[in-house]
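I set out to record what I looked up in this structure, entry by entry.

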Amino acid sequence: QGFDSPGPDASDNPTSATLQSVESPLEEAKEKFDQLVIEKKLEGEMSASLSPYGLKIELSSNSLFNSGSAEVKGSMQSSLTDLSEIIQGLGEDDYIVEVEGHTDNVPINTAKFPSNWELSSLRAVNVAKVFEAMSVKKNQLSAIAYADTRPKQPNENSEGIAIPENQATNRRVVVHVKSLSEANGSIQD
């Protein structure tokens, strides 16, 4: 009788079963990252969220860099190393890592950084280099500069007066860990 009865109907909800298996490694990675943040007492300095494209990790520039600098602080090297290990735990060839550099709207004009473009670019590159040094494959990494073009919060109020808290929020590095199949699909579209 058992062999004659129909089995569970996979068509009931195939999408949610598929999504769970795809998201599961990213959800695990987010949980590991959240635990890392708690262990290292970095709440407010680092955060992670899941998006339809993968895992989005935001790192405060104030915790990563000194003002006007793109050199990763020594105190943050171990946190980036731990983050690299979490990323590598997702699977060697299954994910790409895009590192974005963002600044606030305060102009910079030094010999090394004639504008926020150079500053945001080198910050992204230096974080990507830490990941590469920790064995994230070079062909899975990219560094992107946004300068002050994508603020999370308004840099100024309606009267044009700077909002320092918002400017601090806008100075950040964002690490997107994306599924390679999702990324290839969006390139083909």
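Two strands pair if DSSP finds at least two bridges between them. I note at the outset that this is a predicted model.

Entry 1, strand pairing. I looked up β1 and β2 and found them paired in the antiparallel sense over six bridges. Within this pairing, Ser 51 stands opposite Gly 54 in β2. The hairpin that joins β1 to β2 runs through two residues.

I then listed the contacts of Phe 33 beyond four places in sequence: Met 46, Ser 47, Ala 48, Ile 57, Leu 83 and Ile 86.

I checked the length of α3: at 1.5 Å a residue its 15 residues should span 21 Å, and the end C-alpha atoms are 22 Å apart, which agrees. I noted several buried residues in α3, among them Met 76, Leu 80, Leu 83 and Ile 87.

I located Glu 118 in helix α4. Its relative accessible area is 33%, so Glu 118 is partly exposed. The side chain of Glu 118 makes a polar contact with that of Ser 115 at 2.4 Å. Apart from neighbours within four places in sequence, Glu 118 is in contact with Lys 112 and Phe 113.

I searched the whole structure and found seven salt bridges. One of them joins the side chains of Arg 172 and Glu 58 (3.9 Å, N to O). Arg 172 lies in strand β5 and Glu 58 in strand β2, so the pair ties together parts 114 residues apart in sequence. Both Arg 172 and Glu 58 are buried.

I next examined Glu 98 and Lys 178, whose side chains meet in a salt bridge (2.9 Å, N to O). This pair links strand β3, which holds Glu 98, to strand β5, which holds Lys 178, 80 residues apart. Glu 98 counts as buried at 17% relative accessibility, whereas Lys 178 counts as partly exposed at 22%.

I also recorded the salt bridge of Asp 104 with Arg 171, whose closest N and O atoms are 2.5 Å apart. Asp 104 lies in the loop between β3 and α4 and Arg 171 in the loop between α5 (164–170) and β5, so the pair ties together parts 67 residues apart in sequence. Finally, I noted that salt bridges with shared partners join Lys 56, Glu 58, Lys 152 and Arg 172 into one network.

Note on methods: Residues are numbered from 1 along each chain as its sequence is written. This is a predicted model: local features need pLDDT of at least 70, side-chain atom pairs count only at pLDDT 80 or more; totals for chains, interfaces and linings use all residues. Side-chain values use heavy atoms; hydrogens and water are left out. Contact means heavy atoms within 4.5 Å. Helices (H or I, at least four residues) and strands (E, at least two) are DSSP runs, numbered from the N terminus. Buried means under 20% relative accessible area, exposed over 50%, partly exposed in between (1.4 Å probe, protein chains only). A polar contact is a pair of N or O atoms within 3.5 Å; within protein, one must be able to donate a hydrogen and the other to accept it, and residues adjacent in sequence count only if both atoms are side-chain atoms. The expected span of a helix is 1.5 Å times one less than its number of residues. A salt bridge is a side-chain nitrogen of Lys or Arg within 4 Å of a carboxyl oxygen of Asp or Glu.
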